[in-house]
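Please look over the model shown here.

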Amino acid sequence: MQNTTATLRMVLIALVIFLPFYILSKWFTQGLFDLIYKISARTESELDDKLILAFKKPTRYLFLLVGLYLALIYLPLSPDIDVFISKVFRSGIVLLVAWGIYDLAGNNSFLSLEMKERLNIDDMLVPFFSKTFRFIIIALALVLIANEWHYNVNGFIAGLGLGGLAFALAAKDALANIFGGIVIIMEKPFSIGDWVLSPSVEGIVEDITFRSTRFRTFDQALVTVPNSTLANEAITNWSRMGKRRVSFYLGLNYATPVDKIEKITQRIGAMLKAHPEIHEENILVSFEYFQDSKLDILVQYYTKTTIRGEHLRIKEEINLQIMKYLQEEGVSLAFPSRSVYIESPISKAEGAGNLS
């Protein structure tokens, strides 16, 4: 009877020990965190706000865990049970800390936003890095808990390494596409809506994912290219041109006088420099080559616009104006021709004799 009474008394004392921690977890924690959050809201940094929100629930359960641990330790239990309770308590501490850090590593968390700003990474990479970081947190928590229960984690880690190697060999193409997508998103050689040319495709970028990039060609076909292919190719982004080049040779007849050539080059150069839609730099108009059947004048300039339709309109205006200059100066363009010279002409008598 006395043993039963003593046991009940110890159980009641254990409940009395647990009760304050239960109250702390319910009401005190809520009020304390509300007060701390109001104080932290006045600071410029967002780190304290995110930490409070991330560790609010884990702290509530921490009070329950500590109260339960102290109450059970007070009871006259066997040494083996006490050791078991201590292991459960330490494992619970690891889980609660991992829980808080896990919430802190969410897509919209402080760590993700800081990583995005400091590393200047794309929005598409934030979920990828967030999930990777969360996976590492879970793996570390499991390893610490397993070590607490005296499990040999070395074999487990080695098995993960061998399994990861086998998985990497089996899925090397998929992993290459994923890393290629990360390279494309971080380096940003193009964005959605850009006109892109590569050895694989030419068209407008419609979508960029971790595995592939989709292009809409100019004949409205949809082409999907693996990111690993794009990451290893030379990419020309026509949408990011600052100016657009026009370069051609104006072939004049060999009978064109020298003064006419000089005048034509001068008039074309002056016209290009005065054109409001032609870039004032890198205008080249020069007599360059003696070809087999023509005299080549190099005409090179850059339009300020990079839009194809506007570029073609300006190019047409320049070409028509050049033709007007040629007509006004009486200069004709050359065409492919070949002259045959006979050193000893055949006489009429010889020609008649041969014919007979």
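What follows is a short report on a predicted model.

## Helix H3

Helix H3 covers residues 79–104, 26 residues in total.

Several H3 residues are buried, among them Ile 85, Phe 89, Leu 96 and Leu 104.

## Aromatic pairs

The structure holds nine aromatic pairs. One of them joins Tyr 61 and Trp 99: the ring centres are 5.7 Å apart and the planes lie at 40°, so the pair is tilted. Tyr 61 belongs to helix H2 (residues 47–74) and Trp 99 to helix H3, 38 residues apart. Tyr 61 is partly exposed, at 44% relative accessibility. Trp 99 is partly exposed too, at 30%.

Phe 84 and Trp 149 make an edge-to-face pair, with 5.5 Å between centres and 65° between planes. Phe 84 is in helix H3, while Trp 149 is in the loop between helix H5 (125–148) and helix H6 (153–170), so the pair ties together parts 65 residues apart in sequence. Phe 84 has 46% relative accessibility and counts as partly exposed. Trp 149, at 28%, also counts as partly exposed.

## Cluster and charges over rings

Trp 195, Phe 218 and Trp 238 form one aromatic cluster.

Which ring does the charged end of Arg 134 sit over? That ring is Tyr 102, with its centre 4.0 Å away. Lys 243 lies over the face of Tyr 302, 4.7 Å from the ring centre.

Terms used. Residues are numbered from 1 along each chain as its sequence is written. This is a predicted model: local features need pLDDT of at least 70, side-chain atom pairs count only at pLDDT 80 or more; totals for chains, interfaces and linings use all residues. Side-chain values use heavy atoms; hydrogens and water are left out. Helices (H or I, at least four residues) and strands (E, at least two) are DSSP runs, numbered from the N terminus. The expected span of a helix is 1.5 Å times one less than its number of residues. Buried means under 20% relative accessible area, exposed over 50%, partly exposed in between (1.4 Å probe, protein chains only). Rings of Phe, Tyr and Trp (its six-membered ring) pair if their centres lie within 6.5 Å; planes under 30 degrees apart count as stacked, over 60 as edge-to-face and the rest as tilted. A charge sits over a ring if NZ of Lys or CZ of Arg is within 6 Å of the ring centre and within 35 degrees of the ring normal.
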